[in-house]
Amino acid sequence: MFKNTFQSGFLSILYSLGSKPLQIWDKEVVNGHIKRPQDEDIQSNVLEIVGSNVQSTYITCPVDPAATLGIKLPFLVMIVKNLKKYFTFEIQVLDDKNVRRRFRASNFQAVTRVKPFICTMPLKMDEGWNQIQLNLADFTRRAYGTNYVETLRVQVHANCRLRRIYFSDRLYSEEELPPEFKLYLPMQKYAGDRSLEDSVGRQI
């Protein structure tokens, strides 16, 4: 899908504020929903994936099951909200032995297990919004002793709220990120704000 695209810096595959955030994603919903509510913490529209069973409600990219993403950038970053429910996501990569490997992270698993074609890992999330960063090249090397070539597919299951999912060529500090890739939390409003602004305004 992105195989013939020049890839450097950032490559975003989901942004909740876009006109069609799931344009390149397929959706599967059983006893749940995929909506775009406004999140009270960041005062912005987000993508919400909720389901009674994490396995049966998810989004997957690309839409065509036979197609692949072809993204060579090794870092995956997800800006995701902890809904204090079961949550899991899965990344399928290709390594230099031409083998497809899957990495599945979930917040209901306690230990890492490496099997020939899938590595399952525990996911620890803070309360509220989180930035999950995965070094896929490092994971591939540590789990399988092979080299990461590209990411083929991304699948995000219930239950979470998403702001953005993107790939990058390296990890960037908050200062280096483009403004639209940062997770802005609105300034806390206090009753004293207005009077303070007024007094400063009068002094000027």
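The stops below cover model confidence, backbone geometry and aromatic side chains.

**Confidence**

This is a predicted model, so begin by colouring the chain by pLDDT. The average over the chain is 87, and 86% of the residues score at least 70. Next, select residues 187-204, where the pLDDT is below 50. Beyond near neighbours in sequence, this stretch has one contact in the model. Where pLDDT is low, the predicted coordinates should not be read in detail.

**Cis peptide bonds**

Select C61 and P62 and display the backbone. The peptide bond between C61 and P62 is cis, with omega near 5°. P62 is placed in the loop between β7 (58-61) and β8 (75-82).

Move on to A158 and N159, which are also joined by a cis peptide bond, with omega about 5°. Here N159 lies in the loop between β14 (148-157) and β15 (160-168).

**Positive phi values**

Select N31, in the loop between β2 (26-28) and β3 (32-35). Its phi is near 50°, a positive value in a residue other than glycine. Is N31 buried or exposed? Its relative accessibility is 63%, so N31 counts as exposed.

Then select Q43, in the loop between β4 (38-39) and β5 (44-45). Q43 is not a glycine, yet has a positive phi of about 50°. With 49% relative accessibility, Q43 counts as partly exposed.

**Aromatic pairs**

How many aromatic pairs does a search of the whole structure find? The search returns eight. Display F10 and Y166 as one of these: the ring centres are 5.8 Å apart and the planes stand at 65°, so the pair is edge-to-face. This pair links distant parts of the chain, with F10 in strand β1 (residues 10-15) and Y166 in strand β15, 156 residues apart. F10 counts as partly exposed at 24% relative accessibility, whereas Y166, at 2%, counts as buried.

Now select F87 and F89, whose rings form a tilted aromatic pair, 5.9 Å centre to centre with 35° between the planes. Both residues, F87 and F89, are buried.

**Charges over rings**

The charged end of R164 sits over the F181 ring, 4.0 Å from the ring centre. Finally, select R101 and Y144: the charged end of R101 sits over the ring of Y144, at 4.2 Å from its centre.

How values were computed. Residues are numbered from 1 along each chain as its sequence is written. This is a predicted model: local features need pLDDT of at least 70, side-chain atom pairs count only at pLDDT 80 or more; totals for chains, interfaces and linings use all residues. Side-chain values use heavy atoms; hydrogens and water are left out. pLDDT is the predictor's confidence in each residue, from 0 to 100. Contact means heavy atoms within 4.5 Å. Helices (H or I, at least four residues) and strands (E, at least two) are DSSP runs, numbered from the N terminus. Buried means under 20% relative accessible area, exposed over 50%, partly exposed in between (1.4 Å probe, protein chains only). Rings of Phe, Tyr and Trp (its six-membered ring) pair if their centres lie within 6.5 Å; planes under 30 degrees apart count as stacked, over 60 as edge-to-face and the rest as tilted. A charge sits over a ring if NZ of Lys or CZ of Arg is within 6 Å of the ring centre and within 35 degrees of the ring normal.
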